[in-house]
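Hi,

Here is the structure I promised to pass on. Have a look at it first, and then read my notes below.

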Amino acid sequence: MENIIDYINKNKKRYVDELIDFLKIPSISNNPENKPDMLDAAKWVENQLKGVGLENVKIYETDGHPVVYGDWLKAGKDKPTILVYGHYDVQPVDPIELWSNPPFEPVIKDNIIYARGATDDKGQLFIHIKSIEAHIKNTGKLPVNVKVLIEGEEEIGSPNLSKFLKNQSKLLASDYVVISDTSMYAPDLPSICYGLRGLAFMQIDIVGPNRDLHSGSYGGGVNNPINALAHIISKLKDDKGKILIPGFYDDVIPLSDNEREEYEKLPFDEEGFKKNLEIDEIFGEEGYSTKERISGRPTLDCNGIWGGYQGEGAKTVLPSKAGAKVSMRLVPNQQPEIIEKLFIDYVNKISPKSVKVNARALHSGKGSMTAIDTPAVKAAKVALQKGFNVEPVFMREGGSIPIVNSFKEILGADAILLGFGLADENAHSPDEHYDLSNFHRGILSIAYYLTELENLEKYK
Ligand SMILES: [Zn+2]
């Protein structure tokens with residue numbers, strides 16, 4: 001292991017130089033004009049994978065941008081197989097005028113590299129390639145079986161990846177998927193993300209009378225769709241933040257004591273949180289901390305609401321229509337289809353007969369979780385500790401990463417999310433940047449992780 005770590009430290013500058021080359025390729029997946037650049041980026045990744053000693057390296061065509069694959073499978077059947085996933089495509093650069101430097105001409109200032117794709121995801125996926133290099137160049141092998149899958153369509157919603165996973169399920173079969181495409185909880189705090197929330201997004205449309213009415217002539221005799229909508233929304237949640245839809249919490253796995261202890265360890269400044277948002281009081285489900293509420297518990301929120309007159313001054317209208325968008329963030333094990341049905345049934349049940357109510361589902365995604373006490377997660381903790389010299393934290397992400405669920409459903413592989421970015425690195429915005437100290441410590445951590453994974457029994 002010492003040789004490997006020495007190698008990483010000695011090659012620090014070259015690793016950064018190579019990253020700069022990668023960042024110069026404008027691989028914007030949503031712009032047809034960049035199609036040749038997408039191919040260049042795929043070839044660049046292909047060359048890297050070959051160069052570090054991976055085998056079976058190949059660019060696979062899809063109906064969209066190609067996928068790059070490579071593997072090293074000589075560790076033996078008794079060793080685990082991990083699948084490293086990342087994406088070589090980047091977000092568009094607009095608004096370009098807000099960039100301090102051209103987005104594809106990387107600049108380093110104070111050990112921070114500025115370029116589109118620096119943190120999302122080129123800098124992070126490159127960590128894995130360089131850790132693999134350090135192992136193979138020094139020992140001629142990898143401690144475990146490794147497959148690498150780098151796609152080019154993440155920023156446009158991975159439209160062809162599920163199909164690729166299904167068609168190539170044998171090629172991609174693995175025990176764990178390791179992804180570095182998220183953030184650490186805080187600077188200098190290496191983090192293991194073991195859970196993601198799912199989503200059920202709903203719309204409620206209400207129709208009352210067949211046309212807008214004069215509230216003087218008809219008011220009091222006809223139900224008002226906005227009033228009806230307000231009644232319905234008010235019955236979705238109580239004033240302590242508990243969701244009132246019967247059965248909503250049935251499939252929720254309660255936070256374990258162990259998890260709650262880990263939540264406790266996450267630094268969080270509640271006063272600063274309030275100050276930042278200019279709110280006088282925090283709000284949320286009774287019995288849980290803010291940290292737990294925003295990632296470990298399910299939610300229900302109105303995202304939009306409309307109806308009636310919204311212009312200047314007064315207009316005494318009794319509107320014909322009203323509506324709302326409502327989203328529910330779900331925790332792992334809650335099934336979006338079940339939640340959607342419970343929502344629709346409940347809204348129908350509490351709706352007055354005096355208006356027509358149509359509640360429907362628009363969009364959904366499942367959450368996912370890798371249990372905090374699984375050997376591969378415990379091994380990740382040890383590896384990050386060695387790579388950063390700081391005790392890592394466990395965290396859950398409040399949002400969703402749909403592809404993680406595809407890995408679980410199609411390949412049966414649990415995901416371990418080791419994000420080496422920071423939340424304020426402007427992913428998707430001008431002046432995207434990446435802290436090169438996390439790049440370096442990430443490479444060390446993943447190099448350790450590959451070694452720790454070799455002896456998973458000791459974490460059982
Ligand atoms: Zn990304």
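Let's start with strand 17 (residues 414-417), which is covered on both faces: Asp-414 and Ile-416 on one side, and Ala-415 and Leu-417 on the other, are all buried. Buried means that 20 or more other C-beta atoms lie within 10 Å of a residue's own; exposed means 12 or fewer, partly exposed is in between, and the C-beta atoms are placed from the backbone. In a regular strand, side chains alternate between the two faces of the sheet.

Before going on, two bits of housekeeping. This is a predicted model, where local features need pLDDT of at least 70 and side-chain atom pairs count only at pLDDT 80 or more, while totals for chains, interfaces and linings use all residues. Residues are numbered from 1 along each chain as its sequence is written. Helices (H or I, at least four residues) and strands (E, at least two) are DSSP runs, numbered from the N terminus.

Back to strand 17: strand 7 (residues 176-179) pairs with strand 17 in the parallel sense over 4 bridges; pairing takes at least two DSSP bridges between two strands. Val-177 sits opposite Ala-415 there.

Elsewhere there is an open sheet of 3 strands, antiparallel, in the order 4-5-18. Strand 4 (107-109) and strand 18 (433-435) are the edge strands, each pairing on one side only. From one strand to the next, the twist averages 25°. Strand 5 (residues 112-114) is joined to strand 18 by 3 bridges, with Ile-113 opposite Tyr-434.

Which helix lies across strand 5 and strand 18? That's helix 4 (residues 118-139), running at about 45° to strand 18. Helix 14 (residues 436-454) also packs on the sheet and touches strand 5 and strand 18, at about 55° to strand 18. (Angles run from 0 to 180 degrees between N-to-C directions, with axes fitted to C-alpha atoms, for helices over the stretch in contact; contact means C-beta atoms, placed from the backbone, within 7 Å.)

Now the domains. The domain assignment, automatic or from a database, gives domain 1 (2-196 + 367-459) and domain 2 (198-252 + 298-365). Their centres, taken over C-alpha atoms, are 41 Å apart. Each domain gives 8 residues to the contact. On the domain 1 side, strand 15 (368-369) and helix 13 (402-411) are the elements giving two or more residues.

Lastly, Asp-21 is in helix 2 (residues 12-23). Asp-21 counts as exposed because it has 11 other C-beta atoms within 10 Å.

Cheers

Definitions and conventions: Contact = placed C-beta atoms within 7 Å.
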